[in-house]
Amino acid sequence: MADRDAIVALLDQTLRTATIKDSSCNGLQVQGAGEVCRVALAVDACIEAYEKAAALRCQMLIVHHGLIWDGIKHVTGRNHQHLRFLIEHDLNLYAAHLPLDMHELYGNNIELARLLGLRDVQPFGSYHDMLIGYRGVLAEPTTASAIAARLAAKLGGKPIVLRHGPDSVKSVGIVSGGAGDMIEQAATAKLDCYVTGEPMHFTYQLAREVCANVVYLGHYHSETLGVQAIGRLLSEQLGVESVFLDIGAFSAADYTD
Ligand SMILES: [Zn+2]
């Protein structure tokens with residue numbers, strides 16, 4: 001068991017939530033119980049995650065995509081439904097968006113780099129004057145399709161691969177989530193393959209024109225590792241138990257198979 005404020009302080013400090021500019025209101029978004037025995041981890045703040053967290057007797061839910069973005073203007077409709085559930089169940093909601101993408105130890109992108117066994121890992125991918133992703137070099141050259149298969153074997157999902165770059169891939173750039181517009185940055189940096197989350201229509205021609213290999217993992221599947229890494233942090237630092245709620249997301253492939 002840990003004090004809620006101790007967990008929040010550890011997360012705020014580790015993830016530098018006070019200094020990283022973001023449209024997400026990072027940190028404790030909704031206050032619940034003061035004592036936390038178990039923490040639930042999920043990618044998205046949603047009713048399904050709240051219900052599962054409550055059923056598993058968790059007093060805190062930590063998510064990557066929170067409930068509050070640029071503030072809440074009206075506590076009506078969906079906002080009301082979410083807030084009412086959280087408050088009625090005394091469930092703390094903590095969100096970490098960009099701070100969890102970019103973190104050098106617990107972030108989505110460094111975790112993906114670790115999964116691929118990248119070496120010489122360095123920050124990559126400029127967004128609002130911050131580098132939020134990572135780049136590195138594979139131990140052995142491979143193909144973009146093999147990278148997609150290797151990641152999908154661990155993450156699930158059905159990656160989409162655009163093969164317009166070199167057949168042999170050694171250097172890889174990674175930015176999780178909806179970062180298809182950074183394909184050009186990967187091409188400019190002469191990276192052999194770019195890995196991101198959400199496939200965006202305009203990037204189909206963009207990838208062809210800049211001769212890039214792109215692996216789209218799916219937004220959800222590219223962002224499951226960060227919150228799980230936070231679970232490790234809480235266990236190591238505070239001895240708090242956590243459970244990952246793999247709630248998932250739709251993908252185009254789910255509708256066309
Ligand atoms: Zn995201």
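Let's start at a loop: K190 is found between helix 7 (183-188) and strand 11, where helices (H or I, at least four residues) and strands (E, at least two) are DSSP runs numbered from the N terminus. Residues are numbered from 1 along each chain as its sequence is written. What you're looking at is a predicted model, in which local features need pLDDT of at least 70 and side-chain atom pairs count only at pLDDT 80 or more, while totals for chains, interfaces and linings use all residues.

Back to K190, which has a positive phi of about 60 degrees although it is not a glycine. Most residues other than glycine have a negative phi. Is K190 buried or exposed? It counts as exposed, because it has 10 C-beta neighbours inside 10 Å. The cut-offs go like this: 20 or more other C-beta atoms within 10 Å of a residue's own make it buried, 12 or fewer make it exposed, and anything in between is partly exposed, with C-beta atoms placed from the backbone. R57 also isn't a glycine, and its phi is positive, near 60 degrees. You'll find R57 in the loop between helix 2 and strand 5, and it is exposed, with 10 other C-beta atoms within 10 Å.

Now zoom out. The chain's secondary structure comes to 10 helices and 13 strands, and buried residues make up 45% of its 257 residues. The C-alpha trace spans about 55 × 40 × 35 Å along its principal axes. A compact globule of 257 residues would have a radius of gyration near 18 Å, so the chain's 19 Å agrees. (That radius is taken over C-alpha atoms, and the globule rule is 2.2 Å times the number of residues to the power 0.38.)

How is the chain divided up? The domain assignment, which is automatic or from a database, gives domain 1 (2-97 + 223-246) and domain 2 (101-222). Their C-alpha centres lie 27 Å apart. Where they touch, domain 1 puts in 10 residues and domain 2 puts in 16; two residues are in contact if their C-beta atoms, placed from the backbone, lie within 7 Å. On the domain 1 side, helix 9 gives the most, with five residues. That side divides into six nonpolar, two polar and two charged residues. Here Ala, Val, Leu, Ile, Met, Phe, Trp, Tyr, Cys and Pro count as nonpolar, Asp, Glu, Lys and Arg as charged, and the others, Gly among them, as polar.

Next, find strand 4 (residues 38-44), which is mostly covered: five of its seven residues are buried. Strand 4 runs parallel to strand 13 (residues 241-244), joined by four bridges, and V39 stands opposite S242 there. Strands count as paired if DSSP finds at least two bridges between them. Strand 4 also pairs with strand 5 (residues 60-65), in the parallel sense over five bridges. To get from strand 4 to strand 5, the chain passes through helix 2 (residues 47-55), making a right-handed β-α-β crossover. Right-handed means that, with the strands pointing away from you, the path from the first strand over the helix to the second runs clockwise.

Last stop: helix 5 (residues 108-115), where six of the eight residues are buried. Those are N108, N109, I110, E111, L112 and A113. They pack against several elements, including helix 4 (98-102), strand 7 (119-127) and helix 9 (225-238). Just after helix 5, G117 takes a positive phi of about 65 degrees.
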